[in-house]
Amino acid sequence: MHHNILMVCDFFHPNIGGVENHIYILAVNLLQRGHKVVIVTHSYLPSRVGIRWLVPGLKVYHVPLKVLISNATLPNYLTFLPYIRNIVLRERITIVHGHASLSSYAQEAILHAHLFGSHFESMFGWWRGREGKEKDRKGQSTEHETRREIRTVFTDHSLFALDDATGILTNKLLAAALNNVDAVICVSHTARENTILRANLDPRTSYVIPSAIIAEQFRPPSSPLPIDPITIVVVSRLAYRKGIDLLVASAPRICSLYPNVNFLIGGSGPKLINLLQMREAYRLQDRITLLGAVNHHEVRDILVKGNIYLNTSLTESFGIGLLEAACTGCFIVSTRVGGVPEVLPKDMIEFAMPNEDVELWTRMHKTLRVGPFAGVIYLIILIVECLFFLWLELVTPRRDIHYVEEDWKPEQFRKVAREEKEREHKEDQLDQTSNSPVRQLY
């Protein structure tokens with residue numbers, strides 16, 4: 001059975017990213033299986049408005065609604081309804097598939113899909129009955145066009161917190177939109193648990209389908225790269241969620257400790273200015289190369305130039321870039337966040353916690369933000385604490401400290417505990433024997 005599938009998301013080409021590539025590749029493969037696929041996304045002024053076609057025959061509707069920030073639109077529930085209704089009817093859609101929690105289009109499309117179902121039509125049978133007798137432009141009856149049952153699917157690509165302002169607002173909108181969704185797809189088990197909690201979903205309707213890549217597009221180089229110098233590659237969207245602040249803090253230290261290490265960074269975003277300032281401040285123009293925005297077909301050519309792929313994400317539901325880098329032969333170093341531990345075997349990746357050492361001046365500046373009165377008090381405590389710590393370093397140097405050389409091993413502890421338990425058991429048996437009536441007769 002072939003379906004007419006409507007994929008809805010704010011994030012799609014010509015913008016570049018993991019969600020955009022996922023939607024495109026999924027749509028192309030569904031087309032090859034005989035299904036009809038239509039994409040709905042926002043417009044890219046001034047050129048991309050209306051209908052566009054992508055190879056190999058993928059139809060894209062660019063709805064002319066205003067973009068708020070980061071290629072996401074402001075929720076337009078009633079404003080978006082006329083557009084989505086017209087598209088669903090004219091394309092004879094049977095499945096609505098939304099992508100990404102931050103996509104207002106995806107949430108609204110799933111929310112509006114129930115309006116085309118038989119249950120809603122039965123409530124307004126008098127209207128549907130009159131409409132069913134109408135004729136279309138070719139003189140054919142439109143009654144069969146109004147009796148379709150539309151199913152809804154949602155794919156979540158990201159992780160969100162449960163206690164910050166962004167997470168609370170997004171989770172409430174997501175819970176309302178997915179209240180009656182037929183199925184939810186997540187890219188990792190961690191993402192599935194996160195989505196179930198955020199949207200208050202029935203776990204029986206949630207499924208895990210990990211992301212995948214076409215391995216032939218990310219073949220390793222024909223010959224091994226030299227290990228002197230070592231090149232660390234970063235290909236990512238330069239945003240806060242991708243941990244670019246960690247990269248800004250760690251890159252100068254790595255360059256200082258290892259003179260034979262260079263960085264090759266590809267991507268664009270709001271944190272690009274931070275990387276430029278860091279490179280200028282530490283005079284690392286000859287060791288840190290910034291490539292700017294990178295097209296997807298150029299990613300492989302960049303990855304094969306590196307020995308190590310560095311991922312500094314603060315939150316990541318899967319991390320498709322890790323698979324791409326591993327296919328090209330890079331060793332992966334990543335933060336242990338989200339669903340990243342599910343992506344690769346342990347011998348192909350090294351983990352680090354996403355923590356950044358804060359300098360003393362930065363810590364003092366943050367302390368002053370506590371308040372005009374309390375901030376000054378805590379700043380004085382911080383300064384006294386630092387001076388007292390330095391005094392302790394002088395009075396009792398670290399070389400004079402008696403370090404613990406050997407700890408109790410779990411096996412040794414269990415052995416001692418077992419022996420102690422056996423000893424107590426034998427004593428109990430002796431006590432019972434000594435108190436027995438037969439023993440007392442003697």
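# Salt bridges, a core and a surface patch

Glutamate 427 is partly exposed, with a relative accessible area of 37%. This is a predicted model. Its salt bridges number 10. The largest nonpolar core has 22 residues. A nonpolar patch lies on the surface.

**The pair in helix 14**

- Glutamate 427 makes a salt bridge with arginine 423, and their closest N and O atoms are 2.6 Å apart.
- Both residues, glutamate 427 and arginine 423, sit in helix 14, which covers residues 410–434.
- They are 4 residues apart, about one turn of the helix.
- Arginine 423 is partly exposed, at 38% relative accessible area.
- Side chains of opposite charge can pair when their charged atoms come close.

- Glutamate 91 is in the loop between helix 2 (77–90) and strand 7 (95–99).
- Its relative accessible area is 4%, so glutamate 91 counts as buried, the cut-off being under 20%.
- Lysine 36 forms a salt bridge with glutamate 91, with 2.6 Å between the closest N and O atoms.
- Lysine 36 belongs to strand 2 (residues 36–42) and glutamate 91 to the loop between helix 2 and strand 7, so this pair ties together parts that are 55 residues apart in sequence.
- The side chains of glutamate 91 and lysine 36 are also joined by a polar contact of 2.6 Å.
- Lysine 36 is partly exposed, with 32% relative accessible area, whereas glutamate 91 is buried.
- A network of salt bridges links Lys36, Lys59 and Glu91.
- Beyond its neighbours within four places in sequence, glutamate 91 is in contact with Asn4, Lys36, Val38, Lys59 and Tyr61.

**A salt bridge between two loops**

- Lysine 242 and glutamate 316 meet through their side chains in a salt bridge of 3.2 Å, N to O.
- Lysine 242 lies in the loop between strand 11 (230–235) and helix 8 (244–257), and glutamate 316 in the loop between strand 14 (308–311) and helix 11 (320–327), so the pair ties together parts that are 74 residues apart in sequence.
- Lysine 242 is buried, with a relative accessible area of 17%.
- Glutamate 316 is buried too, at 13%.

**The largest nonpolar core**

- Val233, Leu303, Tyr309, Leu322, Ile332 and Leu344 touch the most other members of this 22-residue core.
- At least two core residues come from each of strand 11, helix 10 (299–303) and helix 11.
- Helix 11 gives the most, with 4 residues.
- Not counting residues up to four places away in sequence, tyrosine 309 touches Val233, Val235, Leu303, Gly321, Leu322, Ala325, Cys330, Phe331, Ile332 and Val333.
- In soluble globular proteins, nonpolar side chains tend to be buried together.

**The nonpolar surface patch**

- Val370, Phe373, Ile377, Tyr378 and Ile381 form this patch on the surface.
- Together they have about 530 Å² of accessible area.
- One of them, isoleucine 381, is found in helix 13, which covers residues 374–395.
- Isoleucine 381 has 47% relative accessibility and so counts as partly exposed.

Note on methods: Residues numbered from 1 in each chain as written. Predicted model: local features only at pLDDT ≥ 70, side-chain atom pairs only at ≥ 80, totals over all residues. Heavy atoms only, no water. Patch = residues over 30% accessible without salt bridge, like charges linked within 9 Å, V, L, I, M, F, W, Y side chains within 5 Å. Areas by Shrake-Rupley, 256 points an atom, 1.4 Å probe, with all protein chains shown as cover. Salt bridge = Lys/Arg side-chain N within 4 Å of Asp/Glu carboxyl O. Buried < 20%, exposed > 50% of the residue type's maximum accessible area, 1.4 Å probe, protein only. Polar contact = N/O pair within 3.5 Å; in protein donor to acceptor, adjacent residues only side chain to side chain. Contact = heavy atoms within 4.5 Å. Core = buried A, V, L, I, M, F, W, Y, C linked by side-chain atoms within 4.5 Å.
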